[in-house]
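Please keep the sequence and the model in view while reading.

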Amino acid sequence: MNKSVLFVVLALHAGVALCESLSGSQPSAARASGLSPNAELLLLIEQLQREVQNLRGMVEEQSHELRLLKEQGRDRYRDLDGRLLELAKQRNAATVAPPITSDSGVQTPAVKSAADSSAPVIPVAKAPASSTSEDAQAEYNRAYALIGAKDYAGAVTAFTAFIERFPGAELSGNAYYWLGEIFLVQDQPEKAKQAFLVVARQFAEHRKVPDALYKLGMTSLRLEDKAQAEQYLKEVVTRFPVTSSAKLAQEQLAKLR
């Protein structure tokens, strides 16, 4: 039974019981003013019904606001995905950027080429250094800020260093996820797939798993592996049916049929 309907029924029962107890007690102020017991009962029931209607209106309004928030979340996710794909297209169309000269005078390429996409993305885990959760959060924030600055090569280096220093931290799952997003922007889908797989399989309870599975599906499509893409997208829908990623996966599966 719907919770709001159940609440209405219980409220009405409580009102009836209250009125019955009042009718058997000393005369109330209402009856003292000339109302019969039946009239007083109807009056109290009407008051309860109005209060229940007001509560139901509040519940419906909150439900509507929650639906709007979910839709806005899906829209923002879809917009981010579109922007990442557009950045990847722009990067493919652009000429190779000139090398960046560091303070030491050593020239390094601005962005790694796709030729080294076969290199492993998973860093070698080292023993975690003596540190606090504040240290981990601060280092993660510095790496994440590089994405906003569009310093993708620097972000890859920073996230990789973070994972090496904090291999078992909760934020390491986030770090792998953003490595996957960066590799998609850099048009390195094989590396992106490796990073998303780490999130989905080695951080199985992480909150980014639904997003990682959806991205695995989209990455597989870019690698022209439709069967694998459908497998990942269906896994999102099956394991995480009430997430925004599942909604996006359903939309993508409908396009593939």
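A residue is called buried when its relative accessible area is under 20%, exposed when over 50%, and partly exposed in between, with a 1.4 Å probe and protein chains only. By that criterion 33% of the 257 residues of the protein are buried. The model is predicted, so local features need pLDDT of at least 70 and side-chain atom pairs count only at pLDDT 80 or more, while totals for chains, interfaces and linings use all residues. Residues are numbered from 1 along each chain as its sequence is written, and side-chain values use heavy atoms, with hydrogens and water left out.

The protein has 10 helices and two strands, taken as DSSP runs (helices H or I, at least four residues; strands E, at least two) and numbered from the N terminus. Their order along the sequence is α-α-α-β-β-α-α-α-α-α-α-α. Of the contacts (heavy atoms within 4.5 Å) with a separation of 6 or more, 57% join residues 24 or more positions apart.

Helix α6 covers residues 170–185. D187, which follows α6, has a positive phi near 55 degrees.

Helix α8, residues 209–222, should span 20 Å, and its end C-alpha atoms are 20 Å apart. Here 12 of the 14 residues are buried, so α8 is also largely enclosed by the rest of the structure. Among the buried residues are P210, D211, Y214 and K215. After α8 comes E224, with a positive phi near 60 degrees.

Key:
The expected span of a helix is 1.5 Å times one less than its number of residues.
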